[in-house]
Amino acid sequence: MAQALKCGPCSFVEEEVDPKHFCVDCLEYLCTGCARDHKKHKTLRGHRILNETDLSARHNLIRRIKLIATLFDTR
C-alpha cells in the first residue's frame, strides 16, 4: 500500500499536514509553513527546496532517493 505523503517536521510533533515542498538536502517533505521556517534558519538557508510544481513532477525520483538514503542511514 502506498504511504500518504506528510510534512516531516509536522509529523514529528504528531500533526498530519500535506506537503507542498521537498528539501533536497534534508530529504524531507515540507508543508508551506515549514518550508518558510526552513528558510529562516541560518544553517538551512542554502538548502534546495522544491516547490509544489517540481514536487509533483519529481515524486517518483524523490521516493527512490529517500529509499536509497534509508539504506545508508546509520543513526
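**Figure 1. Strand 1 and strand 3 run antiparallel and are joined by 2 bridges.** The model is predicted: local features need pLDDT of at least 70 and side-chain atom pairs count only at pLDDT 80 or more, while totals for chains, interfaces and linings use all residues. Residues are numbered from 1 along each chain as its sequence is written, and side-chain values use heavy atoms, with hydrogens and water left out. Helices (H or I, at least four residues) and strands (E, at least two) are DSSP runs numbered from the N terminus. Two strands pair if DSSP finds at least two bridges between them. The sheet is open and has 3 strands in the order 2-1-3, with antiparallel pairing. Its edge strands are strand 2 (28-30) and strand 3 (49-50), each of which pairs on one side only. In general, the strands of a sheet pair through backbone hydrogen bonds, parallel or antiparallel. Within this sheet, F22 has L50 of strand 3 as its bridge partner.

**Figure 2. Helix 2 (residues 32-40) packs on the sheet.** Helix 2 touches strand 1, strand 2 and strand 3, where a contact means heavy atoms within 4.5 Å. The direction of helix 2 makes about 110 degrees with that of strand 2; the axes are lines fitted to C-alpha atoms, for helices over the stretch in contact, and angles run from 0 to 180 degrees between N-to-C directions. Along the sequence, the pattern of the protein is α-β-β-α-β-α-α, with 4 helices and 3 strands.

**Figure 3. H38 of helix 2 counts as buried.** The relative accessibility of H38 is 8%; buried means under 20%, exposed over 50%, and partly exposed in between (1.4 Å probe, protein chains only). Beyond residues up to four places away in sequence, H38 touches C23, C26, L30, L44, R45, H47 and I49. The side chains of H38 and H47 are joined by a polar contact of 3.2 Å. Such a contact is a pair of N or O atoms within 3.5 Å; within protein, one atom must be able to donate a hydrogen and the other to accept it, and residues adjacent in sequence count only if both atoms are side-chain atoms. From H38 to C23 the C-alpha distance is 8.9 Å, and the two residues lie 15 residues apart in sequence.

**Figure 4. C23 is one of the residues of the largest nonpolar core.** This core has 7 residues: C7, C10, C23, L30, C31, C34 and A35. A nonpolar core is a set of buried Ala, Val, Leu, Ile, Met, Phe, Trp, Tyr and Cys residues joined through side-chain atoms within 4.5 Å. Apart from neighbours within four places in sequence, C23 is in contact with E28, L30, H38, H47, R48 and I49. In the protein as a whole, buried residues make up 20% of the 75 residues.

**Figure 5. H21 and Y29 are two strand residues, H21 in strand 1 (residues 21-23) and Y29 in strand 2.** H21 counts as buried because its relative accessibility is 17%. A polar atom of the H21 side chain lies 3.5 Å from the backbone oxygen of L50. Y29 is buried too, because its relative accessibility is 6%. Of the contacts in the protein with a separation of 6 or more, 40% are between residues 24 or more positions apart.

Figure 6. E14 counts as exposed because its relative accessibility is 77%. L27 counts as partly exposed because its relative accessibility is 25%.
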